[in-house]
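This briefing sets out selected structural features of the model shown below. It is arranged by topic for reading alongside the sequence and coordinates.

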Amino acid sequence: MISIQQVSKHFGSRVLFKEVSLRIGLEDRVALVGPNGAGKTTLLEMIAGNIAPDSGVITINKKAVIGYLTQELETHQGKSLLEEVLAGGSEASSIERHLRLLEEEIATAPPGVVDELLAHYGELQTKYEQLGGYSVEARAKEILFGLGFKEKHLSRPLENFSGGQRMRASLAQILLSSPDALLLDEPTNHLDLESVVWLEKFLSGYAGAILLISHDRNFMNRLANRVVEVEQQQLIAYTGNYDRFVVAKAEAQQILESTVKNQQKKIEETQAFIDRFRSKATKARQVQSRIKLLEKMDKAELAPQQKRVRFSFPEPPRSGETVIRLIDIDKSYDDNPIYRALNVELRRGERVALTGPNGAGKSTLLKLLVGVLPFEKGERKLGHNVTLAYYAQHQLDLLEPANTVLDEITLAAPMEESSFLRAILGRFLFSGDDVKKKVAVLSGGEKSRLALAKMLIRPANLLLLDEPTNHLDIPSRDVLEEALRDFSGTICFITHDRHFIRAVANRIIDVRDGEATSYAGDYDYYLYKKQLMAEEAAGSVQAGPGSTDLDAGTKLRSSPDTPVALAQGSEVKEGRSRERKTKEQKRAEAEARNRTHRTSSPLQSSLSKIEEEVAEAEKILHDLSQALADPEIYQNKARCLEMLDAHTQAKRRVAELTAEWDRISSLMVTT
């Protein structure tokens, strides 16, 4: 459907693409990856027709409709959210507008004209029905609700929404139009976790091609069946999702390194022969033959290593066991209550992820913890020796556009030596004259790196981070993940990147409906508990009237005289728990014990099955390792590659099964 043939593109002296070719079929799901600035968005712009290639041809099927979600916002003043999205309903929306105009004209037209207008109205109405026009508004609402909007938002003028909300409206408009090919540039950037999951499901059943740029590896893993990497001015295509791409690229790199090494050895041996026998007449023909061989040799070369962010958070001073507490907090916006009697406690060493839908109050909770947001009632208490650093969701907007990179980091630490500040910037890929760049010309990724660099200047033992991964490419996210895992202080963060949550969090606080519910475990434990709650709500497991919240998580709110302890694995102890138990409470506790038995029994069965699968997978891995130890296997290139791929798959299988064994084992302990 889309054909890119021998396309080249440069900006000034910088070459982005050099004679690249790519074909995208109607059912392809292509993830476009590569470092920031490699040209991914430029490629989408060329396919969309917004930028012309310098040479080469981009051909799109004449009957195909392209939908393009850009990072640039376009707002039509005066339209409501629903009207703006319905405007993307293509022909059906156009016919609906014409029908409304005809209705007005029919009501005021003279008798001699009415019959003609009614006939035309009937024709349009039939076509509107065939196009699914009567369901277009329902589909528009379904998409908007899936992307996190509420009924109350539908009639609100679009210009009253935030930039992130308007970006979601643009995405809804494109999805409603059902184009034959979707070009999506960072579609998950302004979505919460639940909206990302909804979008995954929507796109999984989408009847058309998808070409997307994303730094969310979970999103790419679930959608992509091809990955195209932008590297060294070329497009390199891989079959499979993102994880398969990582493995295939590593294998290709390993083979290339081996090829370069062997070739270099051959070159050195040939050159040694030439140097040794160059002056001997009897060897002249052999020498000339080897000289020509070297000249004609197609030399394999290793691509230059991409620079990567290198940093770790400074060792902070040790805080007290209790790091921060919010006690009986009441918070409202314009008389709309967000929290009532909210109690939250963070303890030393916890890495807490705040989850929940957009608008539920995650950023509000984080700002209450930071202390930058006033509240009507309650108390915020910092623990002993606590210092905090805050990365705001709109941190990039706080950078001064007129400042240079060096000026900006100097503002955060005016007493530090310039050499120290330059060293910090160098670890975030700002070297040489890069430090003299104005903030205004930096990309989103560069601004994110600068904002993170400013956090390194002063050691803090409490990090509060609102969407720190936005605009960071995957290698930079990996480095941030590692730095946060190694951080000895306390972290509370918000992100829509599930891989990031899994890698970092050891506790989840779910924020919704004015409550914050704690889950003393990692993200997979949280998902398990949420599923259990959904099953209980559906009636598959009936809870008694006095059942505790331990299976569902710990509610972080209480009566004014009831403190809430939120250490990992702790239990909410209500003030009346010391009173004599009623018959209903005893019956509820018995039912809770029965639920635990019913839950742990299938877990034990699953654990036994996985133990058998681990043993079998480890045997396969051992056999493949033994086979790869035989030097003869490397004489047959095709067979060697096949064995390497099987070995990699076996290693991954063992790792996955082992992780699943650990997860179920922990569930049996905590259930």
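Predicted model: local features only at pLDDT ≥ 70, side-chain atom pairs only at ≥ 80, totals over all residues.

Leu184 has Leu212, in S7, as its bridge partner.

**Sheet and its packing helix**

- Strand S6 (residues 181-185) and strand S7 (residues 209-213) run parallel and are joined by five bridges.
- The open sheet contains six strands in the order S5-S6-S7-S3-S8-S9, and its pairing is mixed.
- Strand S5 (66-69) and strand S9 (234-239) form the edges, each pairing on one side only.
- From one strand to the next, the twist averages 15°.
- Helix H6 (residues 163-177) packs on this sheet, where it touches S5 and S6. The direction of H6 makes about 170° with that of S5.

**Nonpolar cores**

- The largest nonpolar core has 48 residues, and the members touching the most others are Phe311, Phe313, Leu425, Leu463, Leu484 and Phe493.
- Helix H14 (residues 444-456) supplies six residues, the largest share of this core.
- Leaving aside residues up to four places away in sequence, Leu425 touches Val405, Leu406, Ile409, Phe430, Val435, Leu450 and Ala453.

**Helix pair H12 and H13**

- Helix H12 (residues 405-412) packs against helix H13 (residues 418-427) at an angle of about 110°, and their axes are 10 Å apart.
- H12 is therefore roughly perpendicular to H13, as angles of 65 to 115 degrees fall in that class.
- The crossing in which H12 passes H13 is right-handed.
- On the H12 side, the meeting residues are Val405, Leu406, Ile409 and Thr410. Their counterparts in H13 are Ser418, Leu421, Arg422, Ile424 and Leu425.

**Positive phi in loop residues**

- Ser178 lies in the loop between H6 and S6. Its phi is near 50°, a positive value in a residue other than glycine.
- Ser178 counts as partly exposed because its relative accessibility is 44%, and that class lies between the cut-offs of 20% and 50%.
- Asn385 is placed in the loop between strand S13 (377-382) and strand S14 (388-391). Phi of Asn385 is near 60°, likewise positive in a residue other than glycine.
- With a relative accessibility of 39%, Asn385 also counts as partly exposed.

Terms used:
Residues numbered from 1 in each chain as written. Heavy atoms only, no water. Core = buried A, V, L, I, M, F, W, Y, C linked by side-chain atoms within 4.5 Å. Buried < 20%, exposed > 50% of the residue type's maximum accessible area, 1.4 Å probe, protein only. Helix = DSSP H or I, 4+ residues; strand = E, 2+ residues; numbered from the N terminus. Contact = heavy atoms within 4.5 Å. Pairing = 2+ DSSP bridges. Axes fitted to C-alpha atoms, helices over the stretch in contact; angles between N-to-C directions. Parallel < 35°, antiparallel > 145°, perpendicular 65-115°, else oblique. Left-handed = near helix turned anticlockwise from the far one by under 90°.
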